[in-house]
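Subject: Structure handover and notes

Dear colleague,

I am passing the structure on to you with this email, and my notes on it follow directly below. Please read them with the sequence and the coordinates open beside you.

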Amino acid sequence: MNTQQEDVLRKVEQQDIAFLRLWFTDIFGSLKTVMMSPAELESAFDEGAGFDGSSIEGFTRISESDTLLKPDPSTYQALPFDEDSGLQTGRMFCDITMPDGEPLYSDPRQVLRRQIENARDMGFEFMASPEIEFYVVKPFEPGERPQPADLGGYFDQAKRNEAPKLRRQAIAALEYMGIVTEFSHHEASAGQQEIDLRHTDALTMADNVLTFRYIVKTVAEANGVHATFMPKPFPHMDGSAMHTHFSLFEGDENAFHDPDDEISLSKTGRQFIAGIIEHANEISALTNQYVNSYKRLQFGSEAPTAATWGVSNRSAMVRVPTYRLHKAESRRIEVRSLDSAANPYLAYAAVLAAGLRGITEGYELDEPARDDVFALTRRERRAMGYRDLPNSLDQALRYLEQSEFMAEVLGEQVFEYFLRAKWDEWHEYTSQVTPWELDSGMDL
């Protein structure tokens, strides 16, 4: 047993932890939990906790169903509440292995870790900082249309909210768990909120995003409302994005910073952006994984419609912020295509792999977009040399299934299962006869 594991055992005893939640996700980022007694923790550290991997979306075939959860002691935190028992509860994220100890290749956490190791082999540490948007809606019954829980607008004071304490309570719970927030405010549409997380390494941040969703939903329920990370729940309101700021560090040095460049962006940073732009369509199904994701991209304010980059341009897919240009540690890029329902492990892995490909292959970056790309027609975008992003899950899946690059990044099992499951989602969606079709077509 190593020092980190011994430290966790000591904290569990000191904090009087009654239950431990072992957390992991399926390939879509849905949070899964196994509860365990603290008395079993030492054994879980040594041997893992067995479970049926064939029952989890995309993990293993039934003939290979024996899998193990290996708690990652670096992720241990006491939860600020437990909505089921009221007893003190702790949580740890888990890596998933086969019985022989080999990592399960289809574990989303391992998919991201493999790309992080590729970056480290090149001398880089991958950092991430998301701005997470979500809606708070009034309670509703199945079949009812949800309604926003407040009438606020961009940066409005909480006095217009029906649940004014929600963001403050969520931030307090996150900080209790060591997840540092930077900013919080009401977003542009009624009921829409945003909380930004302080940058850290990408694997920790992906864990933090999953924790964030759990905390926000639990706090919302305690306030008598419902929080949703659906990309576009309302047709005439903004979609919910997860704009994420990324950077590469070489030790303590920001590899994206060049003090002699006009926008302080290094050659490495430009190549990283070029990689994301070049492979934008191939990674779209991972950064935007649901049918509903493309309602945001097609019809959302400031949502990217083309594979472009810009300097301080919020209509571009990749934006280079111009705040604090000469502060080396602040030089970063912002990828604006990601939505709040993405699986952060797979989405971050895809972005990192594309960026690293840009560096290793020496991709050249075109001139930045200076127009409001969202306001341009498709014909205007094409005339200006902009390549459209997929505007449906159908298109995104066609790009993904033709990508040998992304098949390598995801691994064969995740690649094949993700495609199969998402094609099923698309076919189920397109088989629906919607109220709009009935209203407009019954008299034909």
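This is a predicted model: local features need pLDDT of at least 70, side-chain atom pairs count only at pLDDT 80 or more; totals for chains, interfaces and linings use all residues.

Residues are numbered from 1 along each chain as its sequence is written, and side-chain values use heavy atoms, with hydrogens and water left out.

Helices (H or I, at least four residues) and strands (E, at least two) are DSSP runs, numbered from the N terminus, and two strands are taken to pair if DSSP finds at least two bridges between them. On that basis, strand S1 (residues 19-25) and strand S2 (residues 31-36) run antiparallel and are joined by six bridges, with leucine 22 having valine 34 in S2 as its bridge partner. The hairpin of S1 and S2 has five residues between the strands, and glycine 29 in this hairpin takes a positive phi near 90 degrees.

Turning to the helices, the axes are lines fitted to C-alpha atoms, for helices over the stretch in contact, and angles run from 0 to 180 degrees between N-to-C directions. Angles under 35 degrees count as roughly parallel, over 145 as roughly antiparallel, 65 to 115 as roughly perpendicular and the rest as oblique. A crossing is called left-handed if the near helix is turned anticlockwise from the far one by less than a right angle, and right-handed if clockwise.

Helix H3 (residues 108-121) packs against helix H9 (residues 344-360) at an angle of about 25 degrees, with their axes 8 Å apart, which makes H3 roughly parallel to H9. Their crossing is left-handed, and by class (Ala, Val, Leu, Ile, Met, Phe, Trp, Tyr, Cys and Pro are nonpolar, Asp, Glu, Lys and Arg charged, and the others, Gly among them, polar) the contact of H3 with H9 has 12 nonpolar, two polar and one charged residues.

H3 also meets helix H5 (residues 202-222), the axes coming within 10 Å and crossing at roughly 155 degrees, so that H3 and H5 are roughly antiparallel to each other. The crossing of H3 and H5 is right-handed. In contact (heavy atoms within 4.5 Å) are Arg109, Leu112, Arg113 and Ile116 of H3 with Ala202, Leu203, Ala206 and Asp207 of H5, and these residues divide into five nonpolar, no polar and three charged.

Helix H11 (residues 393-401) and helix H13 (residues 412-430) pack at about 160 degrees, with axes 10 Å apart, and H11 is therefore roughly antiparallel to H13. The crossing of H11 and H13 is left-handed.

Finally, the structure holds 17 salt bridges, each a side-chain nitrogen of Lys or Arg within 4 Å of a carboxyl oxygen of Asp or Glu. One of them joins the side chains of arginine 109 and aspartate 95 (2.7 Å, N to O); arginine 109 lies in H3 and aspartate 95 in strand S6 (residues 89-97), so the pair ties together parts that are 14 residues apart in sequence.
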